[in-house]
Each structure stands twice: as structure tokens, then as C-alpha cells.
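Dear colleague,

I am handing over the structure we spoke about, and I would be glad if you could look through it with the notes below beside you.

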Amino acid sequence: MYNFGMPSALKAWIDQVVRVGRTFAFDPTASPKPYAGLLRDVRALIVTARGDGGYVDGGRNAGRNFADLHLREVLRFMGITDTRVVAVEQDEFGGAALEASIARAREQLARLAEDF
């Protein structure tokens, strides 16, 4: 996460991937929902790093987490509804808090690997 959002390179990638006829369909006569995602039976895993902590729902920085929200919405728009997020937090602070966050992320990834 950069300044509560995504890095510009990731945004540029999204702009290349979200394409009518490839990842979503557009039918102007299908009001009120002219857009339909074309990616079915696809799961997504977002692995992210955050300088501070508390960006999860209910956390002290949850309202500032625009990156996860944006990525989930882009994926949903393309038809990907099964999206998981694993985050390492506290990378600006380092020390024990960062190490604990890395350990939690590794545990989450190991559990997700069993599901996928």
C-alpha cells in the first residue's frame, strides 16, 4: 500500500487487464446492469504490505485502506468474487511487531495453500 492506495505500476497493470470483451462484457441494452464479468471459477489472492497496522475491518486505520477495496472491486468487476487478502503490516516500524505480522501472514498463506 502506498499512501492508502496502490502503487502506480499496479494501477497501470489493471488498466491493461480490464478490457471489454476480454475480462468483462458490455451490453448497453442490459439496463440497469450493462457490465458483466467474464472471469468465472477464478480465485484471487492479494498479498500486500502496509507501513502501519490496523487496516483490517474494525482496525484503527480501516477507513484508510483504499487499496484492498479498489483491488477487490476491480476483480469483482471482472467476475472474480472469491478474493482473499494476506497482509504484512508494520513494515515501517520493524522489530517484534513486523516479525509477528510476517509470521501471521505466513500462517495465513499456508492455510490458503491447503484450500487452493
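What follows is an account of what was found in it, from the overall layout to single residues.

This is a predicted model, in which local features need pLDDT of at least 70 and side-chain atom pairs count only at pLDDT 80 or more, while totals for chains, interfaces and linings use all residues. Residues are numbered from 1 along each chain as its sequence is written, and side-chain values use heavy atoms, with hydrogens and water left out.

Overall layout

The chain has three helices and four strands, where helices (H or I, at least four residues) and strands (E, at least two) are DSSP runs numbered from the N terminus. Read from the N terminus, the order of these elements is α-β-β-β-α-β-α. Along the principal axes, the C-alpha atoms fill a box of roughly 55 × 35 × 25 Å. Of the 116 residues in the chain, 33% are buried; here buried means under 20% relative accessible area, exposed means over 50%, and partly exposed lies in between, with a 1.4 Å probe and protein chains only. The accessible surface comes to about 7,800 Å², and 54% of that belongs to carbon and sulfur atoms; these areas come from the Shrake-Rupley method with a 1.4 Å probe, and for residues only the protein chains shown count as cover.

Among the contacts in the chain with a separation of 6 or more, 61% are between residues 24 or more positions apart, a contact being heavy atoms within 4.5 Å. As for charge, the mean positions of the 15 positive and 15 negative charges are 4 Å apart. In that count Lys and Arg are positive and Asp and Glu negative, with His and the chain ends not counted, and the place of a charge is NZ of Lys, CZ of Arg, CG of Asp or CD of Glu.

Nonpolar cores

The largest nonpolar core has ten residues, namely Met 6, Ile 14, Ala 44, Ile 46, Leu 71, Val 74, Leu 75, Met 78, Ile 80 and Val 85; such a core is a set of buried Ala, Val, Leu, Ile, Met, Phe, Trp, Tyr and Cys residues joined through side-chain atoms within 4.5 Å. Strand S3 (43-49) and H2 are the elements that give two or more residues to this core, and H2 provides the largest share, three residues. Val 74, leaving aside its neighbours within four places in sequence, is in contact with Ile 14 and Val 18. A second, separate core of five residues includes Val 86, Val 88, Leu 98 and Ala 105.

Helix H2 (residues 66-77) also holds Asp 68, which is buried at a relative accessible area of 10%. With neighbours within four places in sequence left aside, Asp 68 is in contact with Thr 48, Arg 50 and Val 85.

Aromatic pairs

The structure holds four aromatic pairs, counted where rings of Phe, Tyr and Trp (its six-membered ring) have centres within 6.5 Å, with planes under 30 degrees apart called stacked, over 60 edge-to-face and the rest tilted. The ring centres of Phe 24 and Tyr 35 are 6.0 Å apart and their planes stand at 55°, so this pair is tilted. It links distant parts of the chain, since Phe 24 is in strand S1 (residues 24-26) and Tyr 35 in strand S2 (residues 35-37), eleven residues apart. Phe 24 is buried at 10% relative accessible area, whereas Tyr 35 is partly exposed at 46%. Tyr 35 also forms a tilted pair with Phe 26, at 5.2 Å centre to centre and 35° between the planes, and Phe 26 is partly exposed at 43%. Ring pairs link Phe 24, Phe 26, Tyr 35 and Phe 77 into a cluster.

Backbone points to check

Most residues other than glycine have a negative phi, and most peptide bonds are trans. The peptide bond from Ser 31 to Pro 32, however, is cis, with omega near 5°, and Pro 32 is placed in the loop between S1 and S2. Asn 3, not a glycine, has a positive phi of about 50°; Asn 3 is found in the segment before helix H1 (8-17) and is exposed at 76% relative accessible area. Asp 41 likewise has a positive phi, near 55°, and lies in the loop between S2 and S3, where Asp 41 is exposed at 84%.

With best wishes
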